[in-house]
Amino acid sequence: MRIHHLNCGSMREIAPATDPDGALRPLPAVCHCLLIETASDGLVLVETGFGTSDIRDPEARLGQDFLGWAQPVLDPEETAVRQIERLGHSPTDVRHIVVTHLHRDHTGGLADFPHARVHLHETEHRAATVTRGDRYPQAHWAHDPHWVTYSGTDGERWFGFDKVQQLTNLPPEILLVPLAGHTEGHLAVAVRRSAGPGPAWLVHAGDAYYYRGEVAPGLPPTPPMFDALQASVETDRPLRLDNLARLRALLAEHPDQVEVVSAHDPWEFRRMSVVDSVGSAA
Ligand SMILES: [Zn+2]
């Protein structure tokens with residue numbers, strides 16, 4: 001399946017803690033989304049970043065606190081719906097959305113695709129819509145999305161991860177991988193690439209990590225705000241660190257078969273955009 005990498009929301013500029021060789025120049029953090037072209041089920045969007053309603057009314061939709069520390073740029077041209085139109089598609093071609101979790105920088109675009117089915121873990125759905133923790137933006141689902149939830153009890157083993165599930169009525173090339181810790185029902189999304197130079201599987205790990213140096217060796221230290229931010233957000237630190245170690249092992253043990261990306265690392269976003277644009281041209 002053809003995969004496009006979309007940045008659906010630039011935020012404040014970040015830089016590694018130290019970078020003596022100048023390997024990673026400062027860049028705005030991103031909202032890394034995937035647009036997947038399937039043969040039989042239209043477009044599948046993984047994550048949504050910020051949406052057009054966030055740009056019209058940022059204080060009500062995102063909150064003053066978030067606007068202060070994340071400093072989102074809120075450029076309408078970065079919304080998923082505008083980028084999908086520029087690629088020549090209609091918003092109604094997006095029949096399915098998969099979200100790793102329901103924090104506001106992942107769900108702003110849901111309302112731009114009100115007809116789409118929104119796939120997620122049932123624990124995340126419950127935490128956001130029933131328990132309603134204060135990090136969950138209720139306005140982002142005021143349009144009453146068609147939720148499709150997945151239990152934590154079903155599924156198969158996949159590269160050492162448990163309870164991995166296919167999406168209902170979608171091709172087996174898209175998998176949900178439970179990866180809790182950042183939130184209670186956080187998921188990763190594994191997508192099987194069609195062809196090209198990269199490994200066969202691309203895993204979107206959401207906010208399981210913020211910076212690639214947390215899972216891959218040889219990079220400058222983590223940007224300072226990321227550790228503090230992760231610690232202030234995570235719902236289960238031991239579980240998050242355990243899942244982080246599993247991602248590290250996945251990359252180390254299966255580099256020819258699996259690649260991993262996260263939601264906000266701008267350097268990883270740039271690198272992966274190039275890999276998959278080469279792949280789709282091949
Ligand atoms: Zn998050």
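**Ground rules.** I noted that this is a predicted model, where local features need pLDDT of at least 70, side-chain atom pairs count only at pLDDT 80 or more, and totals for chains, interfaces and linings use all residues. Residues are numbered from 1 along each chain as its sequence is written, and side-chain values use heavy atoms, with hydrogens and water left out.

**Entry 1, the sheet.** I took helices (H or I, at least four residues) and strands (E, at least two) as DSSP runs, numbered from the N terminus. Strands count as paired if DSSP finds at least two bridges between them. I then traced an open sheet of six strands in the order β9-β10-β11-β12-β13-β14, and its pairing is mixed. β9 (156–158) and β14 (258–261) are at the edges with a single partner strand each, so one side of each has no neighbour in the sheet. From one strand to the next, the twist averages 35 degrees.

Next I looked at one pair: β11 (residues 174–178) and β12 (residues 187–192) run antiparallel and are joined by five bridges. Within that pair, I found Ile174 bridged to Val191 of β12.

Helix α8 (residues 237–253) packs on the sheet, where it touches β10 (161–166) and β14, and its direction makes about 140 degrees with that of β14. Contact here means heavy atoms within 4.5 Å; axes are lines fitted to C-alpha atoms, for helices over the stretch in contact, and angles run from 0 to 180 degrees between N-to-C directions.

A pocket is an open set of points on a 1 Å grid over the protein atoms alone, where a 1.4 Å probe fits, with protein on both sides within 12 Å along at least five of seven lines; lining residues have an atom within 4 Å of a point. Of the 24 lining residues, Phe66, Trp69, Arg135, Leu229 and Val233 are the closest to the centre. α7 gives the most to the lining, with five residues. I sorted the lining into 12 nonpolar, five polar and seven charged residues.

Glu47 counts as buried at 1% relative accessibility. Lys163, in strand β10, also has a positive phi, near 55 degrees. Lys163 counts as partly exposed at 37%. My cut-offs were under 20% relative accessible area for buried, over 50% for exposed and in between for partly exposed (1.4 Å probe, protein chains only).

Definitions and conventions
Nonpolar A, V, L, I, M, F, W, Y, C, P; charged D, E, K, R; others polar.
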